[in-house]
Amino acid sequence: MARPDEIEIRGALTRDKDLSRLTWLRVGGPAEWLFQPADEEDLCTFLAALDPEVPVFPMGVGSNLIVRDGGIRGVVIRLGKGFNNHEIAEGQLIAGAAAPDSNIARKAAQAGLDLTFLRTIPGSIGGAVRMNAGCYGVYVADVLRAVRVVTRAGEARVMTAAELNLSYRHADLPADWVITQATFAPPAGDPEALATRMAEQLAMRDATQPVKDRSAGSTFRNPAGFSSTGRADDVQDLKAWKLIDEAGLRGHAIGGAQMSEKHSNFLINTGEATARDLELLGEEVRKRVFQSRGIELHWEIMRIGDVAPGETSVEDGLEDAARSAKTD
């Protein structure tokens with residue numbers, strides 16, 4: 001089996017690619033290899049030839065991701081223009097995995113199809129499927145019919161939505177399989193009404209979320225097990241932001257990382273944060289919420305990669321911080 005640089009490809013392969021420019025939080029070390037396939041056939045060829053011992057990580061657009069400061073070993077796969085298309089026919093919308101969620105929501109609305117819940121979700125279609133993204137009471141699981149994937153062995157196949165066993169922020173899909181396309185069957189709607197709804201959702205998002213800051217969306221999953229519905233009767237008791245507020249952590253900071261003053265479940269890079277700062281703060285929040293309420297928060301942001309050379313683990317970092325606080 002071959003090393004990445006021994007495989008004939010039509011896309012782009014880059015050694016030691018800085019990933020901090022490719023994540024929304026603007027942190028992280030390099031990818032040992034970054035592969036950007038030209039199309040699905042190119043991706044299949046590459047993975048079929050690649051040594052099976054080499055780790056593979058499909059990255060998406062980096063909207064829901066902390067890459068640790070030591071970077072990622074193996075091959076990071078990032079889909080681009082060859083996977084950014086969409087088509088609409090017979091009440092269905094087929095979208096490439098790299099297509100932005102917001103763009104697909106707009107295109108669907110223009111065609112009288114209701115995917116409005118995607119309008120305010122950061123990221124691309126592949127990530128939305130893998131995380132069963134949702135808001136306003138609607139999830140990908142409600143409208144997804146099938147996906148095309150490429151396995152780690154380089155085999156292209158179609159999977160039905162039922163095979164993914166979609167649940168809250170989860171799909172049963174191996175971490176090194178790459179989603180390349182998704183087929184949706186949304187309900188019909190009036191294009192003008194759908195456009196109005198999306199405008200209202202955007203206004204609500206802008207009023208309540210730190211959209212101008214460097215963030216990766218919601219940091220922790222809601223212990224209630226569902227997303228906010230946006231309705232007046234929405235129950236807030238087991239929402240992550242509520243628990244973080246109760247623990248007194250709105251605005252809490254470590255280094256250049258801060259829990260947003262505007263929305264306490266948003267972890268933001270104030271300008272000079274490292275991946276370590278962000279992860280340390282997130283773990284401190286988890287610890288303090290558990291101490292105050294006995295509820296364990298689970299990360300919604302994916303964290304991947306190695307710590308930087310010379311750094312201790314996040315767990316050791318928290319212990320060091322606790323000791324420093326006691327002596328100050």
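These notebook entries record what I looked up in a predicted model of one protein chain.

**Entry 1: overall form**

I began with the secondary structure and found 9 helices and 17 strands in the protein chain. I then turned to the extent of the C-alpha trace, which spans about 65 × 55 × 30 Å along its principal axes. Next I asked what radius of gyration the protein chain has, and how this fits a compact globule. The value is 20 Å, and a compact globule of 328 residues would have a radius near 20 Å, so the two agree.

**Entry 2: contacts, burial and surface**

Among contacts with a separation of 6 or more, 65% join residues 24 or more positions apart. I noted that 49% of the 328 residues count as buried.

**Entry 3: charges**

I looked up the charged side chains and found 37 positive and 47 negative ones in the protein chain. The centres of these two sets lie 3 Å apart.

**Entry 4: glycine 282**

I located glycine 282 in helix 8, which covers residues 275-293. Is this glycine buried or exposed? Glycine 282 counts as buried because its relative accessible area is 0%, and the cut-off for buried is under 20%. I then looked up its contacts, leaving aside residues up to four places away in sequence, and found that glycine 282 touches Phe220 and Trp299. I also compared glycine 282 with isoleucine 244: they are 38 residues apart in sequence, and their C-alpha atoms are 11 Å apart in space.

**Entry 5: two residues with positive phi**

I next examined backbone angles. Most residues other than glycine have a negative phi. Tyrosine 136 is not a glycine, yet I found a positive phi of about 55° for it. Tyrosine 136 sits in the loop between strand 8 (134-135) and strand 9 (138-139).

Arginine 169 is likewise not a glycine, and its phi is positive at about 60°. Where is arginine 169 found? I traced arginine 169 to the loop between helix 5 (161-164) and strand 12 (178-184). I then looked up its accessibility: arginine 169 counts as buried because its relative accessibility is 9%, which lies under the 20% cut-off.

**Entry 6: summary of the residues**

Methods
Residues numbered from 1 in each chain as written. Predicted model: local features only at pLDDT ≥ 70, side-chain atom pairs only at ≥ 80, totals over all residues. Heavy atoms only, no water. Helix = DSSP H or I, 4+ residues; strand = E, 2+ residues; numbered from the N terminus. Rg over C-alpha atoms; globule rule 2.2 N^0.38 Å. Buried < 20%, exposed > 50% of the residue type's maximum accessible area, 1.4 Å probe, protein only. Contact = heavy atoms within 4.5 Å. Lys, Arg positive; Asp, Glu negative; His and termini not counted. Charge placed at Lys NZ, Arg CZ, Asp CG, Glu CD.
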